[in-house]
Amino acid sequence: MKIIDLRSDTVTRPSEPMRQAMATAEVGDDVYRDDPTVITLEETCAERLGFESTIFTSSGTQANLIALMSHCGRGDEYIVGQLAHTYKYEAGGAAVLGSIQPQPIEFEADSTLDLQKVAAKIKPDDIHFARTRLLCLENTQNGRILPADYLQEAASFARDKNLVLHLDGARLFNAAVGQNVAAGDITKHFDSTAVCLSKGLGCPVGSLLCGTQSFIEEARKWRKMVGGGMRQAGILAAAGLYALEHNIDRLATDHENASHLAEGLGKIDAIEIEGGKAHTNMLFFEMDEATASELALFLQKSNILMSPGKTIRLVTHIDITEDDVELIIEKINSFFSARK
Ligand SMILES: *Cc1c(COP(=O)(O)O)cnc(C)c1O
């Protein structure tokens, strides 16, 4: 029986045609720059997102890490959201491996960083302080899309303040599809961008980091240092190329499915969907942890997986269909009806 996995969009499995593309990929040793499929993927991504150059990485964590290490030196500082992936979920890599001091600040309710609050954290040029060098934004952040006019303001703010602007765009294409713009219209505001292939795009492995030619050359050295120089990586890059061609526009379906799920669950008395709706491919609601654990166990009997916790996050993706959404709503409904 099929497993319906709502824990994340990282759980997606490569489709049959993606596996075909991988199986037939032309490969070479990419550390020698001999792998034509990796090079094609990097060039395709750079062109699509409007950057000079791109590097294929083993993960989004690695892409963000080498981005920060390429932009910042020892004793530099980067400003980042308190709940940002780069700060909170990447094992402190920038500080540990890059000697880069993070300066986290709270996200606003719309997932932006208030630029006035950012300005207040920029350190003066003084021997006491780390050198504030970079501002890192995340899009989507908890499924939320950063508003287009905010990106414009952030870019001119960064220019004024002499800060490099990096985007953790793990789910960049969800933002672009959700906003109905080309991904390049988002990335054009940034000096560099990381994008995950292994989430909604359905690849088994891989991320991409984009920026100027010299920045990517620097990143290539750091990637080697952290063990990310991959050899016949064309096998993986072929999945990425397949995804860029076939799996971007269809993200709209994931967003519709998340919306339907939010609507259906919103009708249940015990559930109040955060913000009243889904954000791109995610929806959130609060629940006491004991009930959440019971619910997770109950759903598991129907092969529906969710992560329990105080805040429940449900994520739609390529392996979840409209029918699955109906089944999820029905099962969650019956869980709460039985408790009345
Ligand atoms: C998933 C994710 C990453 C990178 O994660 P990896 O698992 O290392 O690929 C980075 N930023 C955000 C916002 C993410 O959701």
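Select strand S6 together with strand S7 (residues 192-196): the two run parallel and are joined by four bridges, where strands count as paired if DSSP finds at least two bridges between them. Strands (E, at least two residues) and helices (H or I, at least four) are DSSP runs numbered from the N terminus. Before going further, note that this is a predicted model, in which local features need pLDDT of at least 70 and side-chain atom pairs count only at pLDDT 80 or more, while totals for chains, interfaces and linings use all residues. Residues are numbered from 1 along each chain as its sequence is written, and side-chain values use heavy atoms, with hydrogens and water left out.

**Around strand S6**

Within this pairing, Asp168 stands opposite Ala194 in S7.

**The cavity and the pocket**

Next, select Ala170, Arg171, Leu172, Phe173, Asn174, Cys196, Lys199, Gly200, Leu201 and Leu251, which line the largest cavity. Its volume is about 50 Å³, and helix H8 (residues 172-179) gives the most to the lining, with three residues. On a 1 Å grid over the protein atoms alone, a cavity is a set of points where a 1.4 Å probe fits but cannot get out, a pocket is an open set with protein on both sides within 12 Å along at least five of seven lines, and lining residues have an atom within 4 Å of a point. Grid points are joined across faces, edges and corners, and a volume is the space filled by probe spheres set on the points.

Move on to the largest pocket, with a volume of about 650 Å³; of the 27 residues that line this pocket, Tyr89, Gln141, Asn142, Phe284 and Arg313 are the closest to its centre. Strand S9 (282-286) and strand S11 (311-315) are the elements that give two or more residues to the lining.

**The aromatic cluster**

Finally, show Phe298, Phe335 and Phe336, which ring pairs link into a cluster. Rings of Phe, Tyr and Trp (its six-membered ring) pair if their centres lie within 6.5 Å, with planes under 30 degrees apart counted as stacked, over 60 as edge-to-face and the rest as tilted. A search of the whole structure finds two aromatic pairs. Phe298 and Phe335 form a tilted pair, 5.3 Å centre to centre with 55° between the planes, and this pair links helix H13 (residues 289-300), which holds Phe298, with helix H14 (residues 322-337), which holds Phe335, 37 residues apart. Phe298 is partly exposed because its relative accessibility is 26%, whereas Phe335 is buried at 6%. The rings of Phe335 and Phe336 have centres 5.0 Å apart and planes at 85°, so this pair is edge-to-face.

Conventions. Buried < 20%, exposed > 50% of the residue type's maximum accessible area, 1.4 Å probe, protein only.
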